[in-house]
Amino acid sequence: MDYQFYPFFYSPPATMQVRAIVLYNYEGEKRILPFKLGRVNIITGESETGKSSIINVLDYCLGRSDFKMFKGVNMGVVAWYGVVLQVGWTQVFIAKPPPKENGDSQLEAYLAEDTFIQLPTLKELRPNSTDKAVTQTLSSLLKITENRALSPSGPNQEPKQATVQHAKAFLFQEQGLVANKNHLFWRQDDKGYERHLRDSLFYFLGAVQDEQWTKKQELERYQARMRQLLSQSRNLNRQQAQRNQGFRTLLLQAQQLEMIASAAAVPDESLLPVLQSFLTWQFSTSPAVAIQNSPLEREREQAQEIGRDFRDKLREIEEIERYQRQANEYSSAAHEHADRLQAVRVFGHEAAHGTQCPLCEAELDVPPPSVAALTTALARMEASLQGVQRERPQLEQHLNELRNQLEDVRTNRRLAEQRVVDLNRAQTASAVLRDREIEVSRLVGRTEEHLRSLQLLEDGDAIRASIKKGEQLIQELEEEIASMEVIPQVESALSVVASYMTQWASELQMGHRGHPHRLDYRLMTVVADNRGRIPMDVMGGGSNALGCHLICLMALHRYFIENERPVPGLLVLDQPSQVYFPSLQGQRNLVTVEDMRAAGAGADEAAVLRFFEFLFKRVQELSPNIQLIVTEHANLDMPEFQAALVEEPWVNGKALIPVDWLNT
């Protein structure tokens, strides 16, 4: 008869805990591993009996698609992995088959929810749900409400929801993590999971960021709109400058036609009224303007002057570029010559017989240069090269400035030439038509066409008003977001957690006991404040790292429980005591107290007993809302340890997977 998961006749734990792990083989047999709720549960046994698979089974059945189970004796033996959960008055059974064809992931699941779960048979097990639905169901049972706790993964991304998957960081401590000096939380080294670890901590501590994320997204939308408005404003300013240039050309043409006395005398703010006056122009008998003073002549002279300036700039740039090329050629040649002279440094003094041939010892007609002379020549060459190098940045900067000036002159020359063309065209047309009235009419028509762009001014005013309003809204949002800052809430919660950690560090006789211990939420590690900041990775000793993990996780769970936060009341520790007996870690058989004493680990034996006393005391304080599952390689003879054993020690073939399953 199957193990019966009877409903409670008293108040059950308020948190989610594990009632049993259930395995099915392909013959339909079940392996049920029961656990006590609100208690310490210990599984002890030899190596390679499946103790470390407990976390993997729980993780897989609680909605993780990745199959992280050890692929050994279970392959082709276990048909379904299952777990029975108790959440308040509700029991939940979740089961998942292994991935097909030795794959790495499985999305399908069997999900049942009732007040009293009766385990289905193998034939009744059929996928009726998915990992996503399992996550949603468990999150709902834990009362993880809809939230926006997790920061967006990238630009234009929505904040994500914290779920039971993110609560797992505070539930599992696998063998390689439980005393790890560098990582404190489960999957902290998994980049895809670690990215939201801090956000998850903030949410489960009660520092809700939902409204802040909403405001931040609203701020991002306003800022994006502001960037668009500023871009449009810049474009309109450029268009207005171009339009004013066109208006100036019209004024010069009007001056050519004696409609105004001087175009230059009209300021920018009077351009529109003057041009609008052209639309009602009445001819008069004003005296003609002397040809030599005409706008066309003045524009031609200005264009010629700009052209000369352009040629001067271009010539100066060419001379500097030619100088650069010569300097580069000189530098290259000088480098080669200096490299040849480097050989003289081999001689520390003048060589003997410097006037004789080194081969035939005959006197040379022309003695070679002395070492001192060559050294002096090399020094001069290096000084010259350094001078060239020093000049190069200033020369390059000056050249860039000249090129920028050349582009400005080029633009001015093009505009001046266009004005000359426009004025010349107007003068030529006037000469051809010999009818000033026709030219004035044409100018009035062009003026009307230009004045149609007045709408740009109206649009510009609207854009400037929108920019002003947007700046005010952005400032108000930034102030509102600053007032919603969650960090003070987080620091307040962690100060409570730190008070528990500091007290328990002394109880476990950790290396920095008597000094404050706290969780650094920025680096997600434990820190002791002892004449400075001492993080977990430099506290020394595996026992200190184990102590940091224990006091931090137990303190967090105490805070979660006391503040009714939606985190499962479950902590699984995989073989924590091995850190105290490094000489026995490789031993395959069960480690007894006698083995510890034979290894000469008397002090460590006391530390192990103190460690388990700490666990029993903490669970008793928080019972029934915390459940502790510990897998161990050691078997202690302390009464509490023996009473907490889930089963007889896994020795002589007894293991997570029954030995008779392996023989069928």
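Buried means under 20% relative accessible area, exposed over 50%, and partly exposed in between (1.4 Å probe, protein chains only). Strands (E, at least two residues) and helices (H or I, at least four) are DSSP runs, numbered from the N terminus. The structure is a predicted model, in which local features need pLDDT of at least 70 and side-chain atom pairs count only at pLDDT 80 or more, while totals for chains, interfaces and linings use all residues. Residues are numbered from 1 along each chain as its sequence is written, and side-chain values use heavy atoms, with hydrogens and water left out.

Strand β12 covers residues 570-574; 5 of the 5 are buried, so the strand is largely enclosed by the rest of the structure. In a regular strand the side chains alternate between the two faces of the sheet. β12 belongs to an open sheet of 4 strands in the order β3-β14-β12-β8, with parallel pairing. Two strands pair if DSSP finds at least two bridges between them. The edge strands are β3 (40-44) and β8, each pairing on one side only. Helix α13 packs on this sheet and touches β8 and β12. The direction of α13 makes about 165° with that of β12. Axes are lines fitted to C-alpha atoms, for helices over the stretch in contact, and angles run from 0 to 180 degrees between N-to-C directions.

β12 has a parallel partner in β8 (residues 172-173), joined over 2 bridges. Here F172 stands opposite V572 of β12. Strand β14 (residues 627-632) also pairs with β12 in the parallel sense, over 5 bridges. In that pairing D574 stands opposite T631 of β14.

H549 lies in α13. It counts as buried because its relative accessibility is 1%. Leaving aside neighbours within four places in sequence, H549 is in contact (heavy atoms within 4.5 Å) with Q173, L177, V178, A179, N180, H183, L184 and M536. L184 is 365 residues from H549 in sequence, yet the C-alpha atoms are 6.2 Å apart.

Helix α13 (residues 542-562) also packs against helix α12 (residues 487-507), at an angle of about 135° and with the axes 9 Å apart. That makes α12 oblique to α13. Angles under 35 degrees count as roughly parallel, over 145 as roughly antiparallel, 65 to 115 as roughly perpendicular, and the rest as oblique. From α12 the contact draws on A493, V496, V497, Y500, M501, W504 and A505. From α13 it draws on I551, C552, M554, A555, L556, R558, Y559 and E562. These residues divide into 13 nonpolar, no polar and 2 charged. Ala, Val, Leu, Ile, Met, Phe, Trp, Tyr, Cys and Pro count as nonpolar, Asp, Glu, Lys and Arg as charged, and the others, Gly among them, as polar.

Helix α5 (residues 197-205) packs with α13 at about 40°, with the axes 10 Å apart. That makes α5 oblique to α13. L201, F204 and L205 of α5 meet L556, Y559 and F560 of α13. By class, this contact has 6 nonpolar, no polar and no charged residues.

A further open sheet has 6 strands in the order β2-β1-β4-β5-β6-β7, with antiparallel pairing. Its edge strands are β2 (30-34) and β7 (129-130), and each pairs on one side only. Helix α1 (residues 53-61) packs on the sheet, touching β1 (16-25), β2, β4 (78-87) and β5. The direction of α1 makes about 80° with that of β4. Strands β5 (residues 90-96) and β6 (residues 108-114) run antiparallel and are joined by 5 bridges. L111 in β6 is the bridge partner of I94.

Helix α2 spans residues 131-141, and its buried residues are D131, V134, T135, T137, L138 and S139. K143 follows α2 and has a positive phi, near 70°.

D604 lies in helix α15 (residues 602-622). It counts as partly exposed because its relative accessibility is 31%. Beyond neighbours within four places in sequence, D604 is in contact with Y580 and F581. The C-alpha atoms of D604 and F581 are separated by 7.2 Å, with the residues 23 apart along the chain.
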